[in-house]
Amino acid sequence: SSSPSSVIIIGAGISGISAAKVLAENGVEDLLILEATDRIGGRIRKEDFGGVSVELGAGWIAGVGGKETNPIWELAHNANLHTCFSDYSNVRYNIYDQGGKIFPSGVAAHSYKKAVDAAIEILREQEATSCGTQSQKNSTTFLPKTPIELAIDFILHDFEMAEVEPISTYVEYGEREYLVADGRGYEYLLYKMAESFLISDDGKIVDNRLKLNKVVREIQQSKDSVMVKTEDGCVYKANYVIISVSIGVLLSNLISFTPALPKWKTEAIEKCDIVVYTKIFLKFPFKFWPCEQGKEFFIYAHERRGYYTFWQHMENAYPGSNILVVTLTNEESKRVESQPDEETLNEAMGVLRNMFGPNIPNAASILVPRWWNNKFQRGCYSNYPFFNNNQVIQDIKASVGHIFFTGEHTSERFSGYVHGAYLAGIDTAKTLLEEMKDDEEANLLLEPLL
Ligand code: FAD
């Protein structure tokens, strides 16, 4: 047990750090950040692999080049972070069949148009339903069946729907995406942010207001204080708490609440979809894939939806690295997380041999992130349905007494993104500062009566 703080922040991802920074800048210096792992960053995390630094979590600054500036783009610019433009415009013309032939552009364009039209139709129907009008019939229900249709359906729905529905990130900040390719990692932005209000020494945060390896297990709220217990038996007290853990962790019951969270809160949390997104990195002794312009991203069409579909080479980001990345999502992600990496390597090699022939070399190493089985994450990011009734997000975000909620999943406009998490942290801190002011004024009014 230690002396009480004004505010305890649970989680040192970008939302927790940005919230703490706003509090510190506004005079709340007796704050405490409790982080379960041995590092700050959360879902922003680099790892050294095959001689370069790869991003296991967030990799792109999404939404650049528009009328407003993405705040993360600005932070990256100020930190001189090296990034690399991702050109997706040709991806539909780089679709391989199982015999290694690229689909003729006419076939690809036709399948693409069919899938986009179908997706638009489905959205219109949902819109009609959510507005209360009965949708007449399921008119053209296009069901992707062939490998190429399944592949296109996968990239449209599991990656970007921007061609189908307006996504605030791209509408407001622009349609470009830049891949972070910097030895210091995407997480360098977080260190810079933390350093601005926490004591650091030689590139390391040494401030005792940041406590690492502190797994919060219990939060007890009484009338005007909150008690936080960690797995190692420590107890911390504060006037207010900000929780920045992921929606997956909130669902998992890792943290228990006394009194229990109200029903409107738990029900809202249960309504949010969690996406699992796995970037598998493969290191080769040499390149056997095309590297000309427009070939950075390529697609493998298989009869199983999402089976090693989406590929990227890292030569634009790190020339000479000989690294390929394949991205799996949701059920496929969960499947590979539960099997040995050697099996995943064999599957990926089988797919690559279908595309590039039997004589390509085996990968020398493989890296498979496990976000789903990570008990401090339980998934990658939240996904609200497009015609989402805004109430769900409001309820997920709303405070319960002196407990405040933040994180990417509390961002109305940019949930799922780094900038969403960053702005959510700022927003939650501002709301809390207002509440602290109100509470203080109420106390001052009461004082003469006591
Ligand atoms: P987190 O970063 O998860 O921070 C929460 C912190 O809480 C973590 O550090 C966690 O360890 C800690 N914690 C959990 N439980 C406890 C506990 N009981 N006690 C104490 N601490 C606890 N976004 C983009 O903009 N572009 C991308 O390209 C992109 N790609 C992505 C790819 C992947 C694979 C993933 C996983 C995410 C991706 N995202 C991307 C999303 C982006 O990473 C997140 O939206 C953002 O980093 C979330 O930040 P946060 O602060 O809300 O949560």
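A backbone N or O atom of Val 418 lies 2.8 Å from an oxygen atom of the ligand, where a polar contact is a pair of N or O atoms within 3.5 Å. The ligand exposes 1000 Å² when taken alone, and the protein buries 98% of that; these areas come from the Shrake-Rupley method with a 1.4 Å probe.

Before I continue, please note that this is a predicted model, in which local features need pLDDT of at least 70 and side-chain atom pairs count only at pLDDT 80 or more, while totals for chains, interfaces and linings use all residues. Residues are numbered from 1 along each chain as its sequence is written, and side-chain values use heavy atoms, with hydrogens and water left out.

Two further backbone contacts deserve mention. A polar backbone atom of Glu 408 is 2.9 Å from an oxygen atom of the ligand, and a backbone N or O atom of Ala 36 lies 3.1 Å from a nitrogen atom of the ligand.

Which residues of the shell are closest to the ligand? They are Ser 15, Glu 35, Arg 43, Trp 60 and Val 418, out of 39 residues that surround the ligand, each with a heavy atom within 4 Å of it. By class, the shell holds 23 nonpolar, twelve polar and four charged residues; Ala, Val, Leu, Ile, Met, Phe, Trp, Tyr, Cys and Pro count as nonpolar, Asp, Glu, Lys and Arg as charged, and the others, Gly among them, as polar.

I turn now to the second largest pocket. Its space is about 380 Å³, a volume being the space filled by probe spheres set on grid points joined across faces, edges and corners. On a 1 Å grid over the protein atoms alone, a pocket is an open set of points with protein on both sides within 12 Å along at least five of seven lines, a cavity is a set where a 1.4 Å probe fits but cannot get out, and lining residues have an atom within 4 Å of a point.

This pocket is lined by 16 residues, and Tyr 240, Met 436, Asp 439, Glu 440 and Asn 443 lie nearest its centre. Helix 12 gives the most to this lining, with eight residues; helices are DSSP runs of H or I with at least four residues, strands are runs of E with at least two, and both are numbered from the N terminus. The lining divides into six nonpolar, five polar and five charged residues.

Finally, the cavities. There are three of 30 Å³ or more, and the largest cavity holds about 100 Å³ of space. Among its 13 lining residues, Glu 55, Leu 179, Lys 279, Phe 281 and Met 314 are the closest to its centre.

Methods
A polar contact is a pair of N or O atoms within 3.5 Å; within protein, one must be able to donate a hydrogen and the other to accept it, and residues adjacent in sequence count only if both atoms are side-chain atoms.
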